[in-house]
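Keep the 3D view open as you read.

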Amino acid sequence: MIKMEEFSRTEESFDVMKHFLSCFVLYFLWYFQGLTMDVILQCAFGMKADAQNNPDDPAITAAKRSINGSALHRAILAALSLIPFGDKIGRVFPSLLTRDMKDLMDIARQIVSMKNQTGSSTPRKDLLDVMLLAAAQDPTMLDSKTMTVDEVLARSVIFLIAGYETSSTTLGFVCYSLATNADIQEKLQKEIDSVWDDESKMPSYETVNELPYLGMVISETLRLYPAAPFSIRTCKEDCILKNLKVPQGISVTVPTYSIHRDPKLWPNPERFDPERFSPEAKQSRDTYAYMPFGHGPRNCIGMRFAQMGMKLVLVRILKKYSFLVSKDTKIPPEVTLRIALTAKEIKLLIKLRQ
């Protein structure tokens, strides 16, 4: 919040998306991307990092390398996704997929070794603790159902990669959507004020769950800017969908971004309208018209974790500050695809509430 106050005292716009281009951009990037990194590293690995103030920490550097990857690694992944049997090649040569994760995996192995030697020093378990406990030999389970330490580490790294840029990017799009819809921002701030009236206390889990309009704002942001603009699933058995035969083994791409902007499903789809996610509106709509986290047994494992984290961040910011459009704000934002759907830049002003 200290960094936010520094921004609010300036008359300059800041870019919530760009990476390390000026001191103002740097501070705000650290607030979202650094904050997200700190939360996930501590919850997934038990690492007490400080990405917001120390971006050169070895754990932070290794995590960012795992997430961003080298140009060669991205080219390999793109090639494997296009050629026939690319998934089989990846399974035979897993190092092609994990080469940029080595440093983070090494750090995680050191943490596992330390945990095994000293045991957990706190009753609050991180994700790594929980999975290591599940990986321990259980006489009631078949050996094939237990996880190896490497499998535990791989799942922790995936949790980090899937959650880092998606959460920070969505927060940026929420800020943009509120800045360009002042009436919606004001309504959300009134809801926050009505539930959280004591700033001396941190907002609790119960407090956040009393903010339905906040959830509607985040949902509408994810409709317009889904962090995962498409998902790919492999057909497990021959089936027919609307007279189209889908053979076993074929990969099917679900175009989430396009579905979310289909005017047949969403009237005036380019308009930002959180009321689309009122209880009544959701009941009147096909469940599969909205799927930023996927659907079914393979939907996003970190969905609730990500939503709770974003809500806590937004509650604290909007209690004290408002976002405004600046002369540099691009409307609509120019979106691009990296690991997640993001924007090349989103420049906004921030103002201390009266």
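Of the 354 residues in the protein, 45% are buried (under 20% relative accessible area with a 1.4 Å probe and protein chains only, while exposed means over 50% and partly exposed lies in between). Before we go further, please note that this is a predicted model, in which local features need pLDDT of at least 70 and side-chain atom pairs count only at pLDDT 80 or more, while totals for chains, interfaces and linings use all residues. Residues are numbered from 1 along each chain as its sequence is written, and side-chain values use heavy atoms, with hydrogens and water left out.

The protein has 15 helices and 9 strands, taken as DSSP runs numbered from the N terminus (helices are H or I of at least four residues, strands E of at least two). If we look at contacts (heavy atoms within 4.5 Å) between residues at least 6 apart in sequence, 68% of them join residues at least 24 apart.

Now find helix H10, residues 182-195. Its 14 residues reach 20 Å from the first C-alpha to the last, close to the 20 Å expected at 1.5 Å a residue (1.5 Å times one less than the number of residues). Which residues of H10 are buried? They are Ile-184, Gln-185, Leu-188, Gln-189, Glu-191 and Ile-192. These residues cover an arc of only 155° around the axis, so they sit on the same side of H10; the arc is that of the directions from the helix axis to the C-beta atoms. An α-helix has 3.6 residues a turn, so residues three or four places apart point the same way. The buried residues of H10 pack against helices H9 (149-179), H12 (212-224) and H15 (303-320), and against strand S6 (321-325). On the face turned away from the buried side, H10 carries the exposed residues Ala-182, Asp-183, Lys-190 and Ser-194.

Our next stop is the aromatic rings. There are 3 aromatic pairs, counted when ring centres of Phe, Tyr and Trp (its six-membered ring) lie within 6.5 Å; planes under 30 degrees apart are stacked, over 60 edge-to-face and the rest tilted. Trp-266 and Phe-277 form a tilted pair, 5.8 Å centre to centre with 35° between the planes. Both residues lie in the loop between helix H13 (256-260) and helix H14 (279-283), so the pair ties together parts 11 residues apart in sequence.
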